[in-house]
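Hi,

Here is the structure I promised to pass on. Have a look at it first, and my notes on what turned up follow below.

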Amino acid sequence: MVVKCNTSEQQVTWTQNGEPEPMAEVMAKGQTLTILGLDLPATGSYSCWAGTVLLDTTYVVVSSTREEWRNASCEAESYHGSFRCSWTGPKSSIFRARLTHSSDGSLGKWVLVDGHHGQFNASFVDPSFCPFAEELHPLQLQLEGLSDNYHLNFSIHFFVHDIVRPNPPQGLTVQRRGEQLHLAWAPPASWPLPKSYFALFYRLQYELPNGTQVDKYTEGAEEMWLQDRARRVRISCQDPYANPAWSPWSAWQDVDAAQQRQLRVR
């Protein structure tokens with residue numbers, strides 16, 4: 001790599017990170033400095049001087065090939081065209097990120113992203129996304145990062161239907177009716193309508209008095225009957241026609257506590 005001093009001076013001296021003897025193997029000739037073997041010790045600030053006068057400074061970093069800094073994942077809670085992405089990078093780095101459409105090459109605006117202990121998160125919205133249309137081309141997330149020593153530049157491709165993970169179903173209620181328990185719930189508030197088009201597959205889990213947990217499944221329905229042996233219940237859901245990622249569980253509903261609340265209401 002060649003670093004050039006932006007000056008009219010013909011004879012200059014060089015420092016790396018303020019030191020007159022660079023850690024890197026270099027070769028100086030007039031206004032240029034050739035860095036031989038660009039690796040981690042070669043990174044840092046290169047300054048050219050005319051005596052004690054600072055003339056110019058160039059900061060040098062190396063391109064990172066570490067796989068753990070080249071992985072990113074995205075997740076959407078619905079089909080509204082908004083999603084959240086996360087990735088890791090050097091602790092001292094700052095990133096910029098943008099969405100691009102592989103179908104027409106259109107570019108989104110760059111978004112600056114600060115990290116926390118090497119963890120980075122950013123939210124994006126694709127205003128052109130239509131939940132009723134078939135996805136023919138993936139979206140691309142472009143990431144570019146810079147730290148004290150490294151430059152990172154990579155991207156990932158994904159379809160929205162592959163990253164959808166719904167929120168938990170809401171409003172789970174438990175009522176005793178005779179010898180059975182009646183359970184009812186509603187889809188997540190963020191889930192799109194109509195229900196006939198955006199169906200959900202539900203997984204209801206109940207715990208018996210001996211601690212055994214039993215799973216029951218139903219598609220489309222928003223109620224279920226159980227034998228009166230359950231101690232507590234909870235529920236999650238997934239899109240049955242796309243990525244099979246289950247939502248987080250709802251909070252446990254204690255059956256006895258639910259019955260006490262119903263008695264107080266009456």
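A disulfide here means a pair of cysteine sulfur atoms within 2.5 Å. The torsion about the S-S bond of Cys74 and Cys85 is about 105°, so that disulfide is right-handed. The S to S distance between Cys74 and Cys85 is 2.0 Å. For the strand names: helices (H or I, at least four residues) and strands (E, at least two) are DSSP runs, numbered from the N terminus. Both Cys74 and Cys85 are buried. Buried stands for under 20% relative accessible area, exposed for over 50%, and partly exposed for in between (1.4 Å probe, protein chains only).

Before going further, please keep in mind that this is a predicted model, where local features need pLDDT of at least 70, side-chain atom pairs count only at pLDDT 80 or more, and totals for chains, interfaces and linings use all residues. Residues are numbered from 1 along each chain as its sequence is written, and side-chain values use heavy atoms, with hydrogens and water left out.

Back to the cysteines. The structure holds 2 disulfides, and one of them joins Cys5 to Cys48, with an S to S distance of 2.0 Å. Cys5 lies in the loop between strand S1 (2–4) and strand S2 (13–16) and Cys48 in strand S5 (residues 44–50), so the pair ties together parts that are 43 residues apart in sequence. The link of Cys5 and Cys48 is right-handed, with 70° about the S-S bond, and both Cys5 and Cys48 are buried. Counting bonded cysteines along the chain, the pattern is 1-2, 3-4. As for two other cysteines, Cys130 is partly exposed at 35% relative accessible area, while Cys237 is buried at 0%.

Next, the charges. Side chains of opposite charge can pair when their charged atoms come close. I count a salt bridge when a side-chain nitrogen of Lys or Arg is within 4 Å of a carboxyl oxygen of Asp or Glu.

- Glu144 and Arg96, with the closest N and O atoms 2.9 Å apart. Glu144 lies in strand S13 and Arg96 in strand S10 (residues 94–101), so the pair ties together parts that are 48 residues apart in sequence. Glu144 is partly exposed at 21%, and so is Arg96 at 33%.
- Lys195 and Glu222, at 3.0 Å from N to O. Lys195 sits in the loop between S16 and S17 and Glu222 in the loop between S18 and strand S19 (223–227), 27 residues apart. Lys195 is partly exposed at 44%, as is Glu222 at 23%.
- Arg232 and Glu207, with the closest N and O atoms 3.3 Å apart. Arg232 is in strand S20 (residues 232–238) and Glu207 in strand S17, so the pair ties together parts that are 25 residues apart in sequence. Salt bridges that share partners join Glu207, Arg231 and Arg232 into one network. Arg232 is partly exposed at 25%, whereas Glu207 is buried at 5%.

Arg96 turns up again over a ring: its charged end sits over Trp110, 4.0 Å from the ring centre. Likewise, Arg66 lies over the face of Trp69, at 3.9 Å from the ring centre. (The rule for both is NZ of Lys or CZ of Arg within 6 Å of the ring centre and within 35 degrees of the ring normal.)

On to ring pairs. Rings of Phe, Tyr and Trp (its six-membered ring) pair if their centres lie within 6.5 Å; planes under 30 degrees apart count as stacked, over 60 as edge-to-face and the rest as tilted. By this rule there are 15 aromatic pairs. One of them is Phe132 with Tyr197, a tilted pair at 5.2 Å centre to centre and 50° between the planes. Phe132 is partly exposed at 45%, and Tyr197 is partly exposed at 44%. The rings of Tyr197 and Phe198 have their centres 4.9 Å apart and their planes at 70°, so this pair is edge-to-face. Phe198 is buried, at 7%. Ring pairs link Tyr79, Phe132, Trp191, Tyr197 and Phe198 into a cluster.

Cheers
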